[in-house]
Amino acid sequence: MKAKFLASAGIVAATAVALTGCSGGNGGGDGGGSEAASCTNTIVNAEAPQVTVWAWYPAFDQVVDNFNNANDDVQICWTNAGQGNDEYTKFSTSIESGSGAPDVIQLESEVLSSFTIRDALVDLTEYGANDVEGDYAEGAWEDASSGDAVYAIPVDGGPMGMLYRQDIFDAAGIEVPTTWEEFEAAARTLKDSGDGAVIADFPTNGRAFNQALFAQAGSEPFVYDSANPQEIGITVNDDGAKKVLEYWNGLVEDGLVATDDAFTADYNTKLVDGSYAVYLAAAWGPGYLQGLSDSDPDAVWRAAPLPLWDEANPVQVNWGGSTFAVTEQAENKELAARVAMEIFGNEERMNLGVDEGALFPSYLPVLESPEFENKEYEFFGGQQINKDVFLDAAAGYEGATFSPFQNYAYDQLTEQIYAMVQGEKDADQALDDLQSSLEQYATEQGFTIK
Amino acid sequence: MATTTAPTSSHRADVPQKADHRPDRNYRRRQRWGWLFVAPFALIFVTFLILPLAFAFRMSLFTNTLAAGTDFVGAANYVKAFTDPIFLQGLGTVAKFALIMIPAQMIVALLAALVLDNLATWASKFSRLMIFVPYAVPVVIGALMWGFLYSPRFGPASNIFNLVGLAAPEFLSQDNIFGSLVNIVTWQWAGYYMIIIYAALRGIDPGIYEAAVLDGASDRQIAARIKIPMISSSLVMVIIFALIGTLQFFTEPQVLRAVAQGAIPVSYTPNMYAFSLAFSYSQFNYASAISFALGIVVFVFSFFFLFLTRKQSGLK
């Protein structure tokens, strides 16, 4: 509170310059020495040029060691600069100050255009990205490219499914719902059974989660192409989004779902202690669940496909998923691009990511391998969740377009959904208000609205 | 220092007689030493405060929009800031905090100091330490800790309220978040203000109390009529501290936002707004303008308050 925040913007920019002034010249072939000290990992070949990488994947240290042992002519110098927004904040500040960014950076596909518009990412088509296009799932590649340009190499995806507690369902006599209609019926049955659990949580701060649910009913919030960066189309209040939000608002009003904030300690506990019978999750969700403590020892988890709006016309959606991009500040862009393509563009290392880090790969040689398809998950009582759920979900995903101010859009979405859950407005009003606030913001930022 | 310890009696006698340049040189030499002593501080002060401030001020005179690039706009960002409903709403929020939170801290601090001043047992020394301890907890840690205490799942509230058969209040809901924040800040800062007030009370000549007792004054009268008026300058200082801190309210709501994203929007206070503008939405220029605008507001409020209390603080 006492902090002189007044000057912080300037101070941070100034310190960023000062700090990075000492460590410039990465990737320029001056490896070893003082540089090695700033890496989290050990450099195997001190003579080789280094490429700095920011990433937060679980078990990434093993992947980096594997890469460095396998390559004599290039070494990865890895730093975990925080997860998601924490990392983006640092990256954003180094873009502003003109130095301090790594050569290669992990970015979720939804924020790529927020950085391309600031000319912070390198178009990888110059460095052979098109040659590896065939190695990656179509939807993931689509998310990483804009028009003809390719701004990142996909790593993992988040096709969505439904993780549920078989034991709670059985106790309440509920069949696994396959449509949202059945999901609502199941929610009522569960509430009437009176053991205190609700079917699921609808977090107002779900951000990409909420957006994915809207997309399942055909919502396409943004039209944007980096080749034409001043133009944007915004339709966050289309019928699909309104239908979905109205549906959830109904569940909220009837007390059939919880509205706890996601990703808090409370939420993590409730996920595994039986407060929610269902965790609507992305493919990285099982890994997340297993990492949580205090879980109910008698829990019986199973996976099923995400409920559908229309069984005749199944729509698959994606929540999260990340990529490696090369920054404009990289000195040796070719080498950096090679690292971005090869870190996980390799069966051995992608398998490490799958087995140790519970990633859902976008890299086809692993994604389409029989080992991955038939992998049995002990946490799910030996269920082959990839075969049963996530591979179909991934195959049906066609990609999505995000805005170049996605963080702002999500913050506004959170505010509107919170107001709705508080009973201040209905779903239609919330999305209409979101639409006008985003339009106003885009205009202020100099965009032409299509 | 050398110049004050060195002089002999003859030297001292010389000074007034031997014309003008000798004391002048002494004075200049002393000044040189002075600058040397100030240098380490000045270097850091200029590097980490003055230069960034100047840099930020320069940034605030430009705009940089996502789609249209950088332009010099002069004061336009400030015009925008003072008509920005989000900024003004944030100012309204911190003004509300100032109205509730500062009196709350003052009352707790003053009462504690007056009570401790009257007691001279080991228990009072112990209490003094205990009241002060929260200030020794870093603000971020304190806020994180309260986040857990307020949690309906991990916090003690549900257990306590269940004992008497009531439902625990939701501390992190939209309606209660204001009070929850006031509580954190009061817990953290009242002890610090108590120490300042207590020190001022200790500085009063006890002879005055004896005289008052002889005149038949009760303890309560002594507190209200003698002690409080005599420490008014300290009270003014404490209020200024609290006022500046409250207008720049940032850390506690920012930390608590992690567990109450709906109840604490990103633009809850002006500083949080500036933070998210700069680091979440990459509008560094407008964020600088918001920061300076807030600085202006803080200056005006503090100045106005000091002007109103110029009698009490002895500035007149």
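This is a predicted model: local features need pLDDT of at least 70, side-chain atom pairs count only at pLDDT 80 or more; totals for chains, interfaces and linings use all residues.

User: Fine. What secondary structure does chain B have?

Analyst: Chain B comes to 16 helices and two strands.

User: How much of chain B is buried?

Analyst: Of its 316 residues, 34% count as buried.

User: And what share of the contacts links residues 24 or more positions apart?

Analyst: In chain B that share is 68%, counting contacts with a separation of 6 or more.

User: Switching to the interface. How many residues of chain B are in contact with chain A?

Analyst: 44 residues of chain B are in contact with 38 residues of chain A.

User: Which elements of chain B give two or more residues to that side?

Analyst: They are α3 (21-59), α13 (251-256), α14 (270-279) and α15 (284-308) of chain B. The largest share, seven residues, comes from α3(B).

User: Now the core. Which residues touch the most other members?

Analyst: In the largest nonpolar core, of 210 residues, they are A:A340, B:I197 and B:I290. Helix α9 (residues 177-202) of chain B gives the largest share of this core, 13 residues.

User: Take B:I197. What does it touch?

Analyst: Leaving out residues up to four places away in sequence, B:I197 touches B:A109, B:L110, B:A113, B:I231, B:S234, B:L235 and B:V238.

User: Last topic. What are the domains of chain A?

Analyst: The domain assignment gives domain 1 (5-157 + 321-373) and domain 2 (158-319 + 382-449). Taken over C-alpha atoms, 28 Å separate the centres of domain 1 and domain 2 of chain A.

User: How many residues does each domain put into the contact?

Analyst: Domain 1 of chain A puts in 22 residues, and domain 2 of chain A puts in 28 residues. On the domain 1 side, α5 (112-116), α6 (138-144), β6 (153-165) and α16 (370-373) of chain A each supply at least two residues.

User: And the classes on the domain 1 side?

Analyst: The side of domain 1 of chain A that touches domain 2 divides into nine nonpolar, eight polar and five charged residues.

Terms used
Residues are numbered from 1 along each chain as its sequence is written. Chains are lettered from A and ligands numbered from 1 in the order in which they are written. A nonpolar core is a set of buried Ala, Val, Leu, Ile, Met, Phe, Trp, Tyr and Cys residues joined through C-beta atoms within 7 Å. A residue is buried if 20 or more other C-beta atoms lie within 10 Å of its own, exposed if 12 or fewer, and partly exposed in between; C-beta atoms are placed from the backbone. Helices (H or I, at least four residues) and strands (E, at least two) are DSSP runs, numbered from the N terminus. Two residues are in contact if their C-beta atoms, placed from the backbone, lie within 7 Å. Domain bounds come from an automatic or database domain assignment. Ala, Val, Leu, Ile, Met, Phe, Trp, Tyr, Cys and Pro count as nonpolar, Asp, Glu, Lys and Arg as charged, and the others, Gly among them, as polar.
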